Amino acid sequence: MSKLRILYAATEINPFLQTTKVAEFLRMLPQGMQEMGMEIRIFVPRFGIINERKNRLHEVVRLSGINIAVGEEEKPLIIKVASIPNAKLQVYFIDNEDYFHRKSVLVDKNDKFHADNDERAIFFCKGVLETVKKLGWAPDIVHCNDWMTGLIPMYLKTTYKKDPIFKDAKSVFTIYNNEFSHKFEGDIIEKAKMLDIDDEMLAALKSADFGGFIKVGMEYADSVVKSDEDFSDNLNAMFSEYSQKRQLGQVSADENLLSSYYTLYNELAN
């Protein structure tokens, strides 16, 4: 089996930020895959709650400076990087002053959901793909984790399909029990659009909620995996609806987890 290149995109990773199980998973799985001979890149948002000095984040000037369109607006992308202590892994942080400099993740100090969380997700998804293009690093597998990465599989199958960096990339979408009831504001479909994407492809986003991002991720990913958690009735119903259309996997959280993912990645890539 060849040395695969795996790109991880996620909402968070230990030790920089942990609010959910995603952070632990992202700390463990990429290192495990690297130790099994795979080449790894990891991307997460640079939420303002992450202490740059303590975690030794620094800007990568050659990768920064791209403008990312979110609807009518274009926002400058800043890329920062830091190493995981005691591991030979680097983490790339997607940053922008308007979206990621507040000292919170999805809700403010009064527990109010940030009105632009949908835009932050869209900016993150587009920012990851544009940065990987600039790196000139062609992934075999793009493993997306949690709702905020849900648009990446669709972008890979549309706008980026003919790009030499992504033409052979397959996507995995892992869903976690991180559901929220908040609704997004504004025309989310217009904000998420890119080349070769029509309204129908984004129809699931009309619900303007967590489920919309999950449904788009499930629709376009080459493989969908449930995390090892108890899911809400709503999420389980979503799964059963989609599992009638296609294969949904569950990789059990036991001693075989790493070898299960190793096999999954190789099957998808070959």
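Biologist: In this predicted model, why are helix H1 and helix H9 called roughly perpendicular?
Modeller: Look at the crossing angle. The axes of H1 (residues 21–35) and H9 (residues 257–269) cross at roughly 65°. Angles of 65 to 115 degrees count as roughly perpendicular. H1 and H9 are therefore placed in that class. Their axes come within 10 Å, and H1 passes H9 in a right-handed crossing.

Biologist: What makes the contact of H1 with H9?
Modeller: H1 brings Phe25, Met28, Leu29, Gly32 and Met33. H9 brings Leu257, Leu258, Tyr261, Tyr262 and Tyr265. Heavy atoms within 4.5 Å count as contact.

Biologist: How do the residues of that contact divide into nonpolar, polar and charged?
Modeller: Nine are nonpolar, one is polar and none is charged. Gly counts as polar and Tyr as nonpolar, so Gly32 of H1 is the polar one.

Biologist: Why is H7 called roughly parallel to H8?
Modeller: Helix H7 (residues 210–220) and helix H8 (residues 233–243) pack at an angle of about 25°. The cut-off for roughly parallel is under 35 degrees. That makes H7 roughly parallel to H8. Their axes lie 11 Å apart, and the crossing of H7 past H8 is right-handed.

Biologist: Which residues of H7 and H8 meet?
Modeller: From H7 come Phe210, Gly211, Ile214, Lys215, Met218 and Glu219. From H8 come Leu235, Met238, Phe239 and Tyr242. By class, that contact has seven nonpolar, one polar and two charged residues. Lys and Glu count as charged, so Lys215 and Glu219 of H7 are the charged pair.

Biologist: What makes the peptide bond between Asn14 and Pro15 cis?
Modeller: Its omega is about 0°. Most peptide bonds are trans. Pro15 sits in the loop between strand S1 (5–9) and H1.

Biologist: What is the phi of Asp111?
Modeller: It is positive, about 65°, although Asp111 is not a glycine. Most residues other than glycine have a negative phi. Asp111 is in the loop between helix H3 (97–100) and helix H4 (117–135).

Biologist: What volume does the largest pocket have, and what lines it?
Modeller: The volume is about 270 Å³. The lining has 15 residues, and the closest to the pocket's centre are Thr19, Thr20, Val105, Leu106 and Trp147. By class, the lining has eight nonpolar, five polar and two charged residues.

Terms used: Residues numbered from 1 in each chain as written. Predicted model: local features only at pLDDT ≥ 70, side-chain atom pairs only at ≥ 80, totals over all residues. Heavy atoms only, no water. Axes fitted to C-alpha atoms, helices over the stretch in contact; angles between N-to-C directions. Helix = DSSP H or I, 4+ residues; strand = E, 2+ residues; numbered from the N terminus. Parallel < 35°, antiparallel > 145°, perpendicular 65-115°, else oblique. Left-handed = near helix turned anticlockwise from the far one by under 90°. 1 Å grid on protein atoms, 1.4 Å probe; cavity = no way out; pocket = protein on both sides within 12 Å on 5 of 7 lines; lining within 4 Å. Points joined across faces, edges and corners; volume = space filled by probe spheres on them.
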